[in-house]
Protein chains: 4
Amino acid sequence: MSHLAVIGLGIMGLPMARNLVAAGHVVVGYDHGDARMAALEEGGGRRAASIAEAVAGADVVITMLPDSPQVEEVVLGPGGVLEHATAGVIHIDMSSIRPDVAVRVAQECRARGLRPLDAPVSGGERGAIDGTLSIMLGGEDADVAEVRPLLEAVGRTIVHVGPNGSGQTVKAANQLIVGGTIQLVAEAIVFLEAYGVDTQAAVEVLAGGLAGNRILDLKAQGMLDREFAPGFRIDLHHKDLGIVTSAAREAGVAIPVGALVAQLMGSARANGDGGLDHSALLRGVERMSGRELR
Amino acid sequence: MSHLAVIGLGIMGLPMARNLVAAGHVVVGYDHGDARMAALEEGGGRRAASIAEAVAGADVVITMLPDSPQVEEVVLGPGGVLEHATAGVIHIDMSSIRPDVAVRVAQECRARGLRPLDAPVSGGERGAIDGTLSIMLGGEDADVAEVRPLLEAVGRTIVHVGPNGSGQTVKAANQLIVGGTIQLVAEAIVFLEAYGVDTQAAVEVLAGGLAGNRILDLKAQGMLDREFAPGFRIDLHHKDLGIVTSAAREAGVAIPVGALVAQLMGSARANGDGGLDHSALLRGVERMSGRELR
Amino acid sequence: MSHLAVIGLGIMGLPMARNLVAAGHVVVGYDHGDARMAALEEGGGRRAASIAEAVAGADVVITMLPDSPQVEEVVLGPGGVLEHATAGVIHIDMSSIRPDVAVRVAQECRARGLRPLDAPVSGGERGAIDGTLSIMLGGEDADVAEVRPLLEAVGRTIVHVGPNGSGQTVKAANQLIVGGTIQLVAEAIVFLEAYGVDTQAAVEVLAGGLAGNRILDLKAQGMLDREFAPGFRIDLHHKDLGIVTSAAREAGVAIPVGALVAQLMGSARANGDGGLDHSALLRGVERMSGRELR
Amino acid sequence: MSHLAVIGLGIMGLPMARNLVAAGHVVVGYDHGDARMAALEEGGGRRAASIAEAVAGADVVITMLPDSPQVEEVVLGPGGVLEHATAGVIHIDMSSIRPDVAVRVAQECRARGLRPLDAPVSGGERGAIDGTLSIMLGGEDADVAEVRPLLEAVGRTIVHVGPNGSGQTVKAANQLIVGGTIQLVAEAIVFLEAYGVDTQAAVEVLAGGLAGNRILDLKAQGMLDREFAPGFRIDLHHKDLGIVTSAAREAGVAIPVGALVAQLMGSARANGDGGLDHSALLRGVERMSGRELR
């Protein structure tokens with residue numbers, strides 16, 4: 001049983017915190033939203049009035065925040081984690097942020113005696129609620145080993161992928177593949193519809209062969225039905241594709257398809273679809289093909 | 001038990017014909033390659049000296065040929081299937097060809113009293129040998145119903161996707177998704193390698209989440225090891241992407257990612273990789289990223 | 001003074017024929033449109049009742065037709081040029097068609113004793129009327145030398161670019177550059193507008209530097225004003241980009257930007273802009289950027 | 001006659017400073033390179049030991065620096081322009097930097113009483129030496145009017161394109177068009193070479209028509225000859241395409257072709273061509289087309 005601080009109790013952070021409570025840990029949460037902290041208390045956790053209070057006495061500090069600037073502020077900023085956590089504490093940043101920022105945050109944590117891990121997740125709100133997230137860990141072997149039992153309360157696939165920052169790098173690659181796969185399925189569906197094919201049957205057979213993928217399994221039906229309630233919003237995926245294109249650029253790696261998908265995701269957002277599920281990339285293919293949007 | 005003609009005994013056609021023999025059918029094969037016909041005889045089939053002889057007395061004629069021109073020649077050409085098959089015979093073209101050619105071939109067959117089906121497959125040589133192919137059927141309900149038991153000897157997923165030509169359209173969509181997915185996985189792997197991530201672990205976690213797909217399951221290990229023995233050759237996938245880009249163009253459907261992948265597949269071929277497995281798209285990403293090819 | 005047959009009296013062919021009349025040649029025209037032949041007669045030419053009649057007695061036969069199939073039919077088909085032209089006659093095909101078709105047509109012409117040239121033009125209806133077209137010639141030196149004086153009646157830049165088919169290859173390259181440049185200028189304009197820049201001033205300064213091109217000189221004003229009266233229609237440019245992408249594919253040349261522009265041109269057409277000037281690619285950038293179309 | 005400070009005496013800044021001396025102005029330069037300051041003195045300018053000394057007494061301060069971080073440091077940083085320039089002084093930043101940084105620098109300058117202008121240039125080292133640069137000005141009308149006579153010593157086309165930041169936005173658009181045009185010309189050349197066309201003649205005819213552009217005029221010959229001595233280096237153009245893709249992303253403008261060209265420019269750099277002229281994009285087309293590099 002650990003004493004945990006969880007900072008950031010949003011769509012992902014809150015159910016994760018509640019799963020950690022359910023696994024028997026002491027969980028002290030902090031968020032600027034009062035309702036969110038109340039929801040944590042309902043789930044058996046405790047609320048803190050500040051990051052300082054949340055971190056006080058914790059063995060492990062978890063952050064789950066929207067983007068790189070928030071992580072920098074909450075961890076490195078005045079009144080942040082680094083100021084208040086004591087040496088030896090493990091800091092797990094489970095946000096999805098830029099790998100270079102993750103590396104820098106980890107360096108500063110380590111310089112202050114903390115033990116940093118980056119641990120972004122995949123699996124969405126559903127996975128957070130069910131405790132079935134995939135977790136990509138970057139950091140030291142010993143630290144990973146120590147937190148693994150704890151992370152089993154929130155995730156099912158927990159993989160150590162390399163030194164600090166590697167978790168974020170793998171998450172970036174994940175978002176590249178997911179975004180690209182949605183676009184491919186969208187192009188295929190609009191193509192099949194244009195030819196009057198039985199798309200329901202077609203999706204079944206596509207899913208059963210070498211073209212098979214999780215998007216066909218989980219999202220193709222919604223795409224056929226034009227149901228785009230999120231799920232994972234285009235706005236967020238747009239942020240993530242910004243991360244992967246700029247990290248690839250930094251490393252001198254050509255991702256021509258990834259860069260094109262980033263343009264198409266941006267186009268979806270510019271057309272007002274930012275709040276829809278990322279499978280709404282289909283609407284972009286329809287727009288480009290002059291087909292009436294349903 | 002049916003009396004079948006199988007025309008085209010190549011890498012795919014031969015094991016399919018042998019599986020049909022094993023299922024108890026009378027199979028008469030024809031191919032211009034003597035060794036191939038001998039191999040069919042070893043498997044319990046019979047050889048014919050001409051298309052005419054193969055087709056004589058058959059209830060069902062199966063063609064399994066490399067590309068559109070061969071299908072046109074074998075089915076519609078002088079001395080071909082259409083000249084020799086009697087009214088009521090079912091013709092199943094299991095080749096992967098252009099949907100518009102499939103439609104035209106079907107029309108001419110129907111005009112002569114034949115019952116045409118297009119039935120391209122997915123699953124490769126392995127699937128042909130094991131009888132586990134995915135089969136995408138275009139044609140009339142009654143004809144599909146009649147051949148389904150027979151096709152169960154060669155395929156596991158057998159789906160009727162629409163009128164004649166639809167099987168080819170779905171196959172084209174299949175190749176679009178497969179080619180694009182390989183490219184996405186290739187971009188992700190080179191990106192991860194550039195950052196020194198543990199790619200073995202990364203592939204495991206990617207495969208377990210929303211990015212999961214059959215390429216990660218079946219081909220990523222070969223890509224990490226730079227083992228590109230086919231499998232399905234880049235030359236063939238290049239042909240297929242030619243089909244899908246031109247069919248999409250014909251229908252006024254935008255497939256920006258598909259068209260870019262077609263360029264990259266063509267680039268792989270132009271660099272002498274046409275005989276490698278399509279997963280060798282990875283080498284193109286390495287070339288574009290200035291990384292040393294292994 | 002030559003005796004010329006001109007087959008195809010459309011938007012381009014008619015003014016070209018009239019310029020040839022004005023230069024003192026005997027011009028016998030043929031077209032399936034009666035009004036077009038009447039217009040040639042008004043300009044001093046003569047009309048023929050058939051290709052046979054037009055070709056009879058001509059030293060030079062010019063064809064100016066919409067696309068590859070029409071050229072094949074008019075030149076090689078029954079009742080066509082090849083059946084009626086006598087040995088030694090020069091055949092100049094000024095249509096814009098597929099280079100491989102141009103090569104085949106030339107081979108068949110040569111086999112029958114004709115002297116074939118391919119001579120597609122650039123410069124549009126304006127250039128045809130003013131006699132200021134750019135002409136790209138493929139064929140033998142002697143034949144080019146012989147027709148050069150004659151072509152000076154219709155074009156200003158007349159360049160021999162290689163053996164038969166080369167004219168069409170250069171025309172294809174021309175259309176690749178023109179289409180791509182329009183798209184680049186369109187992306188730049190929408191980008192500048194989004195930032196509230198004085199686009200009028202910006203176009204002036206862009207045109208004056210290394211970014212300078214004929215699209216900025218001739219079409220940017222129309223793009224700023226959203227005036228897209230053709231000019232050269234998107235439908236025709238779409239046909240031409242089909243030629244260049246398939247010729248590049250055939251030759252194993254990667255044209256990633258060309259292929260993407262072809263998708264965008266197809267998208268413009270699918271959105272109903274096929275009858276607008278090709279500078280209406282701007283509307284596609286606006287659509288993708290979620291901006292209101294004016 | 002003005003009293004000018006010029007900070008940054010590199011390939012561009014030095015000849016510009018010398019042209020300003022030649023036009024009769026008092027020019028005090030500052031650079032961290034001693035040889036560069038010596039070269040200014042040879043040209044009749046004066047050297048300063050610090051930014052403070054250069055700026056002291058100047059009516060106009062010109063900065064000409066490599067990238068955004070240097071501008072931020074030199075203008076806003078400790079010991080920088082802002083600390084030492086007196087109210088009313090005009091600051092002209094002629095560097096090519098991110099438009100958003102230009103806006104922020106201008107705001108800070110204005111807050112301190114300075115009169116900021118952004119004035120990036122096009123035309124390269126040649127244009128800097130000859131005083132024939134194109135200059136894109138962002139800022140207030142009155143300030144532009146005041147510096148115009150002075151700028152005529154270094155540029156030929158001097159255009160006011162909007163409020164602060166607009167100069168950089170237009171420069172970004174300029175680099176988008178230039179990079180894309182080079183790629184288009186490169187694709188066309190490799191395509192023409194593959195078909196054995198007389199490329200020398202082809203370039204002439206392409207340059208004369210609607211495909212005509214400054215790259216065909218100035219760089220195509222070098223591309224045909226595979227002479228890629230800079231000129232403007234790929235490394236710098238890579239930086240600029242990073243600016244334009246991220247500014248377009250910020251504004252929600254889709255630049256699919258621009259983004260692809262950015263990938264290809266990055267690929268050229270990753271292949272070790274960063275020090276070559278940007279026309280070496282041709283080598284990337286050759287690599288993708290499997291052609292031997294010369």
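Okay, so let's start with the symmetry: chain A superposes on chain C by a rotation of 180° with 0.0 Å of shift along its axis, at an RMSD of 0.1 Å. The two copies are thus related as by a two-fold rotation axis. Do keep in mind that this is a predicted model.

What about the surfaces they use? Of the interface residues of chain A, 100% are also interface residues in chain C, so the copies meet through the same surface.

Now, on to chains A and B. Here 60 residues of chain B are in contact with 60 residues of chain A. Which elements of chain B supply at least two residues each to that side? We have the strands β8 (133-138) and β9 (155-162), then the helices α9 (166-194), α10 (199-208), α13 (234-251), α14 (256-273) and α15 (281-288). The largest share comes from α9(B), with 19 residues. By class, chain B's side has 35 nonpolar, 21 polar and 4 charged residues.

Helix α13 (residues 234-251) and helix α14 (residues 256-273) of chain C have axes that come within 9 Å and cross at roughly 150°. Anything over 145 counts as roughly antiparallel, and therefore α13(C) and α14(C) are roughly antiparallel to each other. The crossing is left-handed. Among the residues making the contact are C:H237, C:H238 and C:L241 on α13(C), facing a set on α14(C) that includes C:M265, C:G266 and C:R269.

Notes. Residues numbered from 1 in each chain as written. Chains lettered and ligands numbered in written order. Predicted model: local features only at pLDDT ≥ 70, side-chain atom pairs only at ≥ 80, totals over all residues. Axes fitted to C-alpha atoms, helices over the stretch in contact; angles between N-to-C directions. Helix = DSSP H or I, 4+ residues; strand = E, 2+ residues; numbered from the N terminus. Parallel < 35°, antiparallel > 145°, perpendicular 65-115°, else oblique. Left-handed = near helix turned anticlockwise from the far one by under 90°. Contact = placed C-beta atoms within 7 Å. Nonpolar A, V, L, I, M, F, W, Y, C, P; charged D, E, K, R; others polar. Least-squares fit on C-alpha atoms with pLDDT ≥ 70 in both.
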